[in-house]
Amino acid sequence: MINKIVRTMAEALDGIKDGSTVLIGGFGSVGQPDALIEALIETGVKDLTIALNNAGSGRVGVAKLMDNGCVRKIICSFPRSSDPVVFETLYREGKLELEITPQGTLAERIRAAAAGIPAFFTATGAGTLLARGKESRMIDGREYILETALKADVALVEAWQADRWGNLVYRGSGANFNPTMAAAATLTVAQVQHIVELGDLHPHMVGTPGVYVNRVIQVDRGPEWTKEEA
Amino acid sequence: MTPFTRDQMAHRAADDIPEGWCVNLGIGIPTLVANHVPSTREVVFQSENGVIGMGPAPAKGTEDLWNINAGKQLITLVKGASFVGHADSFAMIRGGHIDLCVLGGFEVAENGDLANWATGENDTAPAVGGAMDLAAGAKRLWVIMDHTTKDGRPKLLEKCVYPLTGLKCVTRIYTNLATIDVVDGKGFVVRDMAPGLSFDELQAKTAAKLHQAH
């Protein structure tokens, strides 16, 4: 019997090594696997490269992960989200390496990794500072730059529902980076609001087939996040 | 002379959006554009975090925390709305399926170059977000911004000084003083101006040659 459901955070994050590349889903707080991030901090893992859209806010979650010295490098599109105090301090002190990637290029680099595409040409960023050091090519009279796939050791994602096969259903705008990241890592761990019986998820509703998912853990996000969809 | 307010700038841009377009609105004044499109005109608002068919902000007590826009504000959905993930959302943008993107700007050059993400090569932690993807991928790019900086320096230039977001991508600019088209091979063409403003006064606040529309 296939059963990807785990009961403890220790099981969920078992085997994550120092120096790993970790994709972290979510856009703002929506679809961000907060409990997995907290548990990752607890493991004391070091020297991570993390890839996500923002660079954390305040002193919780991703910001705390960086504040605790777990992160060597961050790949993101928008480090200046609300209250990026930890990021700005570490970056200014030279304790954190930053790779800025346009948001769509970030998503596509992860998608490419998931799909076995090593690199792709895109017009995004052509002729700008972010094209520096990248191969460029004229195709049909337009300039494109070569961007490489972003493979990862680990993806931490959040979904609304899961079954024991690891099939994931997203809610609202909570898909965002999650389905792409779930498919691009060697180890994919999903934090979900609800676990349902196998067969209860309509096949058309499954946003991430369980084939991409290794472990699922149920986390209650609290009443304001669990209201039924209007 | 009375400059246009933020809402007036947004209203003027909204007036020029025809029914049926799929439109992505950037953070800041561009977000206000949606408030000025009458509900009788069906325009589809896309947000790059994967929302197609975004509606106005929710009434108090009806918020769904799972539904936000690219500015991380809570939103509602209109009938006919759909969700996709980031990869598909940016495929939609990069693939030329967005009729119009409206962004804010630091500078626009007369060839349509846009600078709106970093204020220098040594910017501490520049933040690009989805601006470069939108600049490269949207069918049309309109910019809403003040005509000059707070200390009076022109933001419409022969050539951008700040790092570029996209090359030759801007097609129209709505400022607090005028609406200006960027015409290939010609440059800035003034469509109209704030009441009481003369063409020469507008030219004096612009660091590139302006052309009369007629």
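Q: A residue is buried if 20 or more other C-beta atoms lie within 10 Å of its own, exposed if 12 or fewer, and partly exposed in between, with C-beta atoms placed from the backbone. Which residues of α3(B) are buried?

A: First, a note on the model: it is predicted, so local features need pLDDT of at least 70 and side-chain atom pairs count only at pLDDT 80 or more, while totals for chains, interfaces and linings use all residues. Residues are numbered from 1 along each chain as its sequence is written, and chains are lettered from A and ligands numbered from 1 in the order in which they are written. Helices (H or I, at least four residues) and strands (E, at least two) are DSSP runs, numbered from the N terminus. In helix α3 of chain B (residues 86–94), 7 of the 9 residues are buried, and they are His86(B), Ala87(B), Ser89(B), Phe90(B), Met92(B), Ile93(B) and Arg94(B).

Q: Which element of chain A gives the most residues to the side that touches chain B?

A: In total, 41 residues of chain A are in contact with 33 residues of chain B. At least two residues of this side of chain A come from each of α4 (85–92), β4 (97–100), α5, α6 and α7 (223–226). With 6 residues, the top contributor is α5(A).

Q: How many residues of that side of chain A are charged?

A: Ala, Val, Leu, Ile, Met, Phe, Trp, Tyr, Cys and Pro count as nonpolar, Asp, Glu, Lys and Arg as charged, and the others, Gly among them, as polar. On the side of chain A that touches chain B, 17 are nonpolar and 16 polar, and the charged ones number 8.

Q: Why do the buried residues of α2(A) lie on the same side of the helix?

A: Helix α2 of chain A (residues 34–43) has Leu36(A), Ile37(A), Ala39(A) and Leu40(A) as its buried residues. They lie on the same side of α2(A) because the directions from the helix axis to their C-beta atoms cover an arc of only 165°.

Q: Which residue of β10(B) stands opposite Ile144(B)?

A: Two strands pair if DSSP finds at least two bridges between them. Strand β8 of chain B (residues 141–144) is joined by 3 bridges to β10(B) (residues 172–174), and the two run parallel. In β10(B), Ile144(B) faces Tyr174(B).

Q: What is the bridge partner of Leu103(B) in β8(B)?

A: On this pairing, β5(B) (residues 100–103) and β8(B) run in the parallel sense over 3 bridges. Within β8(B), Leu141(B) and Val143(B) point one way, Trp142(B) and Ile144(B) the other, and all are buried. The partner of Leu103(B) is Val143(B).

Q: What radius of gyration does chain B have?

A: Chain B holds 5 helices and 13 strands, and its C-alpha trace spans about 50 × 40 × 30 Å along the principal axes. The globule rule is 2.2 Å times the number of residues to the power 0.38, with the radius taken over C-alpha atoms. For 214 residues, a compact globule would come near 17 Å, so chain B agrees with its own value of 17 Å.

Note on methods: Two residues are in contact if their C-beta atoms, placed from the backbone, lie within 7 Å.
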